Amino acid sequence: MIVNPSLERSGAHGRPVGWQPIGWGTNTTTFSYLTSGHRGRHSLEIQTTDWTNGAAEWYYGDRAVKAGATYRFSDWYRSNAATEVDAEVVNSDGTKSYYFLGPVPPSEGWTPFVTSFIPPTGTRSISIYHALAKAGDLTTDDYSLTATAPAPFRRAIVSIDFDDGWASQYANAVPALMANGLTATFYIITSLSITAPNPVCMDVTELHTLISDGYEIGNHTDTHPDLTTLEPAEVQTEMGGAQSVFQAALGITPTDFAYPYGAYDPTTVAIGEQVGFASQRSVNAGMNTKGDIDFTQLKVEEVTTSTTPAEVEAWVNQAIASKSWLILLYHQVDTQPAFGAIGDGAALTTPATLNAELTYIKSSGVAVETTSQAITEITPQLHRS
C-alpha cells in the first residue's frame with residue numbers, strides 16, 4: 001500500500017518518489033537519501049543533534065483504509081538511539097488523530113520492526129511512520145503496509161484497567177463497576193499506596209477491599225519511573241521490590257505488570273519475565289489479536305480527557321466484530337484532576353462519562369475479564385493447531 005516502499009525509485013530534489021522529510025521542534029536535523037540500503041541501493045537516514053524537543057521522520061502520503069480492518073506495518077531499521085513508530089489517522093471530517101504504536105530499541109545492524117493497527121471508526125486514511133524524537137541517527141528501508149485478517153479468538157474480551165491507584169478510582173470508578181456488575185484490574189504504585197502513602201492515592205485498607213471484592217491488583221512499580229532510563233539492577237528493584245511489598249502488605253503476588261509511561265525496552269521485558277509476570281502492558285494503541293498478541297507488550301486503547309463515550313463504544317464494537325481482546329486504560333476518575341502524585345490531569349475521565357461507557361459495555365454483552373482472567377482464557381487458544 002506504500003508508494004515506493006523499497007525506496008529504489010529516485011525523484012526530484014534528491015528524494016525517493018512519494019516520500020518527504022518532516023520535522024518539528026527545537027533541534028538540528030539532517031535528512032538524507034542514501035545510496036546504500038538493507039537489500040537494495042537506497043535507504044532513508046535521519047541525523048538529529050542539539051535536541052531539546054520535537055521529532056523527525058520520513059513521511060509518505062496517507063493511504064485509504066477501512067475502519068475496523070487490521071493492517072500490518074513493517075520496516076527494516078538501524079539506529080543508535082531508541083525510536084518510535086506512530087500512526088497518523090485522517091478522519092472522515094478531515095481532522096487528524098495520532099496513535100503511538102510502539103517503542104523501537106537501538107540496533108547496530110539491520111533489524112525488522114513489525115506491528116499491527118486497527119483504524120478506529122471514522123477513519124478515512126492512515127500513514128504509519130518511524131520517528132526519531134531525540135539526538136541520534138536512524139536509517140530505514142523496505143517498508144510494508146498490508147491488510148491482514150488475523151485469526152479470531154473464540155469470543156471478544158474487554159478488560160478495564162485503572163493505572164496509578166488514584167483515590168478517585170476507589171471513590172468513583174468502583175461504585176460504577178459494581179453498579180454494572182463489571183470487574184477490573186487496578187495497577188498500583190507501591191510507594192504511593194503502601195510504603196509512603198499519598199492522600200490522593202488508595203491506601204492499604206482500600207486495596208484489601210478491592211481484593212476481597214474480586215478485583216485484580218497489578219504491579220505498576222515501586223516509584224513509577226521511566227524504566228528505560230534505569231540500570232538493570234534498578235529495574236529489578238522497581239519490579240521485584242514492589243512484588244515483595246505487595247506480598248508483605250496484601251498477601252498477594254501480582255501476575256500482571258504495567259510499564260510506567262508505557263516505556264519499555266528489551267532489558268525491561270527480560271527482567272519482567274525473570275520476576276515472573278504473566279503479562280507486561282504497554283500504552284501502544286490497538287487491539288490484542290490472536291495472530292500477533294505479545295504478553296510482554298500488551299496493547300491498549302487509552303481513555304483520556306478528550307475521549308468520548310462514542311469512541312469507547314466504537315472500540316468495543318470493533319473488538320466484538322473481530323473477536324479481539326480490548327484493554328481500556330483509565331487513570332483519574334473525577335471532575336477535576338488531583339495533583340500531588342503523578343500525572344498532569346490529561347488522563348481524566350468524569351464519573352458520568354465512565355458510567356456511560358461502562359453501561360454500554362454491559363449492554364453489549366461482551367465478556368469483561370481482568371487481565372489475569374483474559375490471559376487464562378486466551379492462552380490455551382494460542383497453542384491449538
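Tutor: Two strands are said to pair if DSSP finds at least two bridges between them, and the strands themselves (E, at least two residues), like the helices (H or I, at least four), are DSSP runs numbered from the N terminus. This is a predicted model, in which local features need pLDDT of at least 70 and side-chain atom pairs count only at pLDDT 80 or more, while totals for chains, interfaces and linings use all residues. Residues are numbered from 1 along each chain as its sequence is written, and side-chain values use heavy atoms, with hydrogens and water left out.

Student: Which residue stands opposite Tyr59 in β4?

Tutor: That residue is Gln20; strand β1 (residues 19-24) and β4 pair in the antiparallel sense over six bridges. Strand β4 is also joined by two bridges to β10 (residues 123-132), again antiparallel, and there Glu57 has Ala131 as its bridge partner.

Student: How many residues of β4 are buried?

Tutor: Buried means under 20% relative accessible area, exposed over 50%, and partly exposed in between, with a 1.4 Å probe and protein chains only. By that criterion six of the six residues in β4 (residues 55-60) are buried.

Student: How do the side chains divide between the two faces?

Tutor: In a regular strand the side chains alternate between the two faces of the sheet.

Student: What is the secondary structure of the protein as a whole?

Tutor: The protein has eight helices and 21 strands. Its radius of gyration, taken over C-alpha atoms, is 21 Å, close to the 21 Å from the globule rule (2.2 Å times the number of residues to the power 0.38) for 385 residues, so the protein is as compact as a globular protein of that length. Buried residues make up 51% of the 385, and, taking contact to mean heavy atoms within 4.5 Å, residues 24 or more positions apart account for 72% of the contacts with a separation of 6 or more.

Student: Where is Thr221 found, and is this residue buried or exposed?

Tutor: Thr221 is in the loop between β14 (216-219) and α4 (232-250), and at 0% relative accessibility it counts as buried. Its phi is positive, about 80 degrees, although Thr221 is not a glycine. Asn4, in the segment before β1, likewise has a positive phi, near 55 degrees, and counts as buried at 5% relative accessibility.
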